[in-house]
Amino acid sequence: MDSIWPQTAQLPVFNSLRSDLKTDVLVIGGGMAGLLCAYKLTRAGVDCALVEADRIGGGITKNTTAKITSQHGLIYGKLIREFGADWARLYLEVNQRALEEYRALCRTMDCDFEEKDAFVYSLDSREKLDRELNALERLGFGAEFQADIPLPFPTAGAVKFKDQAQFHPLKFIAAIAGELRIFERTKVLELGPGKAVTTGGTISADKLIIATHFPVLNKHGGYFLKLYQHRSYVLALKNAPDIQGMYLDEDEKGLSFRNYGDLLLLGGGSHRTGKQGGSWTELERFARHCYPDAQPAARWAAQDCMTLDGVPYIGPYSKRTRGLYVATGFNKWGMTSSMAAAEVLTDLVLNRKNPCTELFSPSRTMLRPQLAVNALESSLGLLTPTVPRCPHMGCALKYNAAEHSWDCPCHGSRFGEDGTLIDNPATDDRLN
């Protein structure tokens, strides 16, 4: 069930740490966010090291659909209502800057970068699209309404963002990783002020960045309440049409589409981790009906950290953890959010002002409706008297028949049938 990205890229291999180390900044986590943080800090002249428990790009990054866009669903009307127009404009601007930075970097590398228009469509609500278009007009962004889109079912139209992009994420990682100081297969066992104890030695650092997808330090920040995880599924189809763009249903349960080479990447079947969902069965049924000549070439699943309000947590880990930073909660938009995180965290490390610091602050209010849902799921998971259980906080695990794994509905940790850890926030194998 590997995605197409590891099958079509060659990543550099880095040694494990074998002694104690001192550095100015330590980045923990070798996905797109961690690597971009290390890349920007290194380019700024900062003495920086990165540790990854397994291989770089081997976690969530290898399972992305790799869209680079500031169009994150129908988000801008919501941001204006909840945060105000100024903060909504900041969110748009930082993601547009992320797109432009990718565009500039990718000119110098072979990573299959392609400019594509992005579309969010609705099956039945022109009103939702009009509200988003009005919000974007208020922000001064030139989005467009598109009445007809090349998908095999009727829609109410789509909101179009011109000149967005897609690429090959692992080829991009391979291109930027070469100049970085990286230690693979180096697991962090313990974190303390200014240090990380790893399987290969103790690393002392003035500042630390945790970019491990779901933050692994439970004692601070309340991330076990502020985040939940969501799974979605992808089929790569041969003999399917070239749709000339990137398409996403405004409904959370809807489908997404993009091409890569001669393949159509069809996404959907999503559900909260540990719950039931359509998975690949839903996608296969759709493909048989709408693309009867297509054949599956690959299939995989992605897991995303979702925040209480739809905006990532990027900044100081908590109010009490000086010199410790975090990047998490990218809400299915990990590519642009990773670049935005690298911008914000580089400025924080270098004591430079960044206009987005308050917008992304992990210490902003938790008083959102999703908080009650997360608290209820955690309570149910803790009170369910079955085994196996998750070592993260002791919740009962649910069997995922589609992926033959044990998944935690509380915080999203996942384990193989043999108990081996697949996805964090757990850091150890499951409890039987």
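This is a predicted model: local features need pLDDT of at least 70, side-chain atom pairs count only at pLDDT 80 or more; totals for chains, interfaces and linings use all residues.

Me: Okay, helices to start with. Which residues of helix 6 are buried?
Reply: Helix 6 covers residues 169-177, and its buried residues are Pro-169, Leu-170, Phe-172, Ile-173, Ile-176 and Ala-177.

Me: Where do those sit as you look down the axis of helix 6?
Reply: They fall within an arc of 155 degrees, so they line one face of the helix. As a general point, an α-helix has 3.6 residues a turn, so residues three or four places apart point the same way.

Me: What about helix 3 and helix 5, at what angle do they cross?
Reply: Roughly 65 degrees, and their axes come within 8 Å. Helix 3 is residues 76-83 and helix 5 is residues 126-138.

Me: Which residues make that contact?
Reply: Helix 3 brings Tyr-76, Gly-77 and Ile-80, while helix 5 brings Glu-132, Ala-135, Leu-136 and Arg-138. Sorted by class, that contact has four nonpolar, one polar and two charged residues.

Me: What lines the largest cavity?
Reply: The lining is made of Lys-67, Thr-69, Gln-71, Ala-118, Phe-119, Val-120, Met-246, Tyr-247, Leu-248 and Trp-333. Strand 4 (114-121) and strand 12 (246-249) are the elements that give two or more residues to it. In terms of class, this lining has seven nonpolar, two polar and one charged residues.

Me: How about the second largest pocket, what's its volume?
Reply: About 240 Å³. It is lined by 14 residues, and the closest to its centre are Gly-192, Pro-193, Gly-194, Thr-321 and Leu-324. The elements giving two or more residues to that lining are strand 8 (188-192) and strand 10 (201-210).

Me: Now single residues. Is Asp-262 buried or exposed?
Reply: Asp-262 is exposed, at a relative accessible area of 62%. You'll find Asp-262 in the loop between strand 13 (256-260) and strand 14 (263-272).

Me: Leaving aside neighbours within four places in sequence, what is Asp-262 in contact with?
Reply: With Leu-237, Lys-238 and Asn-239. Asp-262 and Lys-238 are 24 residues apart in sequence, but their C-alpha atoms are 6.6 Å apart in space.

Me: Which residues other than glycine have a positive phi?
Reply: Asp-163 is one of them, with phi near 60 degrees, and His-404 is another, with phi near 55 degrees. For background, most residues other than glycine have a negative phi, and most peptide bonds are trans.

Me: Where are Asp-163 and His-404?
Reply: Asp-163 lies in strand 6, residues 158-166, whereas His-404 is in the loop between strand 18 and strand 19 (405-407). Asp-163 is partly exposed at 41% relative accessible area, and His-404 also counts as partly exposed, at 47%.

Me: Last one: which peptide bond is cis?
Reply: The bond from Val-387 to Pro-388 is cis, with omega near 5 degrees. Pro-388 is in the loop between helix 11 (369-383) and strand 18 (398-400).

Definitions and conventions. Residues are numbered from 1 along each chain as its sequence is written. Side-chain values use heavy atoms; hydrogens and water are left out. Axes are lines fitted to C-alpha atoms, for helices over the stretch in contact, and angles run from 0 to 180 degrees between N-to-C directions. Helices (H or I, at least four residues) and strands (E, at least two) are DSSP runs, numbered from the N terminus. Contact means heavy atoms within 4.5 Å. Ala, Val, Leu, Ile, Met, Phe, Trp, Tyr, Cys and Pro count as nonpolar, Asp, Glu, Lys and Arg as charged, and the others, Gly among them, as polar. On a 1 Å grid over the protein atoms alone, a cavity is a set of points where a 1.4 Å probe fits but cannot get out, and a pocket is an open set with protein on both sides within 12 Å along at least five of seven lines; lining residues have an atom within 4 Å of a point. Grid points are joined across faces, edges and corners, and a volume is the space filled by probe spheres set on the points. Buried means under 20% relative accessible area, exposed over 50%, partly exposed in between (1.4 Å probe, protein chains only). The arc is that of the directions from the helix axis to the C-beta atoms.
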